Amino acid sequence: MQPGTLTRPELTLADRCDRCGAAAKVRAVLPSGGELLFCGHHGRAHADKLKEMQAQVQNS
């Protein structure tokens with residue numbers, strides 16, 4: 001029996017930026033397992049810190 005691969009669902013119009021409430025375009029999955037959603041603007045603004053934290057960044 002093969003273990004299943006866990007994937008996160010695609011971002012939808014219902015997903016909102018955690019900073020400003022705009023439509024989410026970026027999902028950052030933190031090493032601890034949590035996730036943050038950002039609009040394009042805030043995704044770019046926090047990109048360096050997310051990379052430093054070794055977050056997996058997923059763009060829609």
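Student: Before we start, what does "buried" mean here?
Tutor: A residue is buried when its relative accessible area is under 20%. Keep in mind that this is a predicted model.

Student: OK. Which way do the residues of E1 point, and are they buried or exposed?
Tutor: Val26 and Ala28 point one way from E1, while Arg27 and Val29 point the other way. All of them are buried, and that includes the arginine, Arg27.

Student: What's the strand order in the sheet?
Tutor: The order is E2-E1-E3, in an open sheet of three strands with antiparallel pairing.

Student: And which strands stand at the edges?
Tutor: Strand E2 (35-38) and strand E3 (56-59). Each has a single partner strand, so one side of each is left without a neighbour in the sheet.

Student: How many degrees are neighbouring strands turned against each other?
Tutor: On average 20 degrees, with direction ignored.

Student: Back to E1. How many bridges join it to E3?
Tutor: Four, and the two strands run antiparallel; E1 covers residues 26-29. As for E1 and E2, four bridges join them, again antiparallel.

Student: Which residues pair up with valine 26, then?
Tutor: In E3 its bridge partner is asparagine 59. In E2, valine 26 stands opposite phenylalanine 38.

Student: What about alanine 28, who's opposite that in E3?
Tutor: Valine 57 stands opposite alanine 28 there.

Student: Which residue in the hairpin of E1 and E2 takes a positive phi?
Tutor: Glycine 33, with a phi near 105 degrees. The hairpin has five residues between the strands.

Student: Switching topic: how many disulfides are there?
Tutor: The count comes to zero.

Student: Are cysteine 17 and cysteine 39 buried or exposed?
Tutor: Cysteine 17 is buried, with a relative accessible area of 6%. Cysteine 39 counts as buried too, at 8% relative accessibility.

Key. Residues are numbered from 1 along each chain as its sequence is written. This is a predicted model: local features need pLDDT of at least 70, side-chain atom pairs count only at pLDDT 80 or more; totals for chains, interfaces and linings use all residues. Side-chain values use heavy atoms; hydrogens and water are left out. A disulfide is a pair of cysteine sulfur atoms within 2.5 Å. Buried means under 20% relative accessible area, exposed over 50%, partly exposed in between (1.4 Å probe, protein chains only). Two strands pair if DSSP finds at least two bridges between them. Axes are lines fitted to C-alpha atoms, for helices over the stretch in contact, and angles run from 0 to 180 degrees between N-to-C directions.
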